[in-house]
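Subject: Structure handover

Hi,

Here is the structure I promised to pass on. Could you open it alongside this email while you read?

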Amino acid sequence: MAGARRVSKYGCAAEIAPSDVKDAPVRLLARSGWVLAGEISRLTDRGYQKFFKTSKLEVPATADALTALHKFDEELKNAIGAQELYNEAMGTTSDKYIYDRLKGRA
């Protein structure tokens with residue numbers, strides 16, 4: 001996308017671009033995540049632990065990494081004027097939830 005940029009801090013990153021909307025100067029292209037081997041990871045919750053996953057790697061999320069991601073998200077949303085949702089303000093939310101006890105349920 002034209003004008004797209006990666007912003008990073010605390011070992012985390014997100015992709016942003018200029019917005020077409022008058023009141024929003026920037027839009028988020030890719031949700032923020034921990035950077036692993038140069039790729040922005042997605043946070044996956046498996047019920048018992050959170051993991052950072054890229055196309056090639058998957059590593060357990062540490063408390064320090066989750067704290068950094070939460071702090072980065074808050075600062076990024078403040079900087080671009082994005083709406084902060086209650087559940088996100090309470091802590092780090094995952095991109096995907098996978099619970100093995102739910103497999104096969106209709």
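First, the ground rules. This is a predicted model, in which local features need pLDDT of at least 70 and side-chain atom pairs count only at pLDDT 80 or more, while totals for chains, interfaces and linings use all residues. Residues are numbered from 1 along each chain as its sequence is written, and side-chain values use heavy atoms, with hydrogens and water left out.

**The sheet**

Helices (H or I, at least four residues) and strands (E, at least two) are DSSP runs, numbered from the N terminus. Two strands count as paired if DSSP finds at least two bridges between them. With that, there is an open sheet of 4 strands, antiparallel in its pairing and ordered β1-β2-β3-β4. β1 (5-9) and β4 (39-40) are the edge strands; each has a single partner, so one side of each lacks a neighbour in the sheet.

Going through the pairings, β1 and β2 run antiparallel and are joined by 5 bridges. S8 has A13 in β2 as its bridge partner. The hairpin of these two strands has 2 residues between them, and Y10 there takes a positive phi near 60°. Next along, β2 (residues 12-18) is antiparallel to β3 (residues 26-36), with 6 bridges between them. In this pairing C12 stands opposite W34, and A17 has R27 in β3 as its bridge partner.

Helix α1 (residues 63-80) packs on the sheet and touches β1, β2 and β3; contact here means heavy atoms within 4.5 Å. The direction of α1 makes about 165° with that of β3 (axes are lines fitted to C-alpha atoms, for helices over the stretch in contact, and angles run from 0 to 180 degrees between N-to-C directions).

**Burial and the core**

I call a residue buried under 20% relative accessible area, exposed over 50% and partly exposed in between (1.4 Å probe, protein chains only). β2 is mostly covered, with 5 of its 7 residues buried. S32, in β3, is also buried, at 5% relative accessible area. Leaving out residues up to four places away in sequence, S32 touches A13, A14, I40, S41, R42, L69, F72 and D73.

A nonpolar core is a set of buried Ala, Val, Leu, Ile, Met, Phe, Trp, Tyr and Cys residues joined through side-chain atoms within 4.5 Å. The largest one has 13 residues, and L43 and F52 have the most contacts inside it. β2 and α1 are the elements that give two or more residues to this core; α1 provides the largest share, 7 residues.

**The rings**

Rings of Phe, Tyr and Trp (its six-membered ring) pair if their centres lie within 6.5 Å; planes under 30 degrees apart are stacked, over 60 edge-to-face, and the rest tilted. That gives 2 aromatic pairs. W34 and F52 are stacked, at 6.1 Å centre to centre with 25° between the planes. This pair links distant parts of the chain, W34 in β3 and F52 in β6 (residues 50-53), 18 residues apart. W34 is partly exposed at 23%, whereas F52 is buried at 1%.

Y48 and F51 make an edge-to-face pair, at 6.1 Å and 75°. Here Y48 is exposed at 59%, while F51 is buried at 10%. The charged end of R46 also sits over the ring of F51, 4.8 Å from its centre (NZ of Lys or CZ of Arg within 6 Å of the ring centre and within 35 degrees of the ring normal).

Cheers
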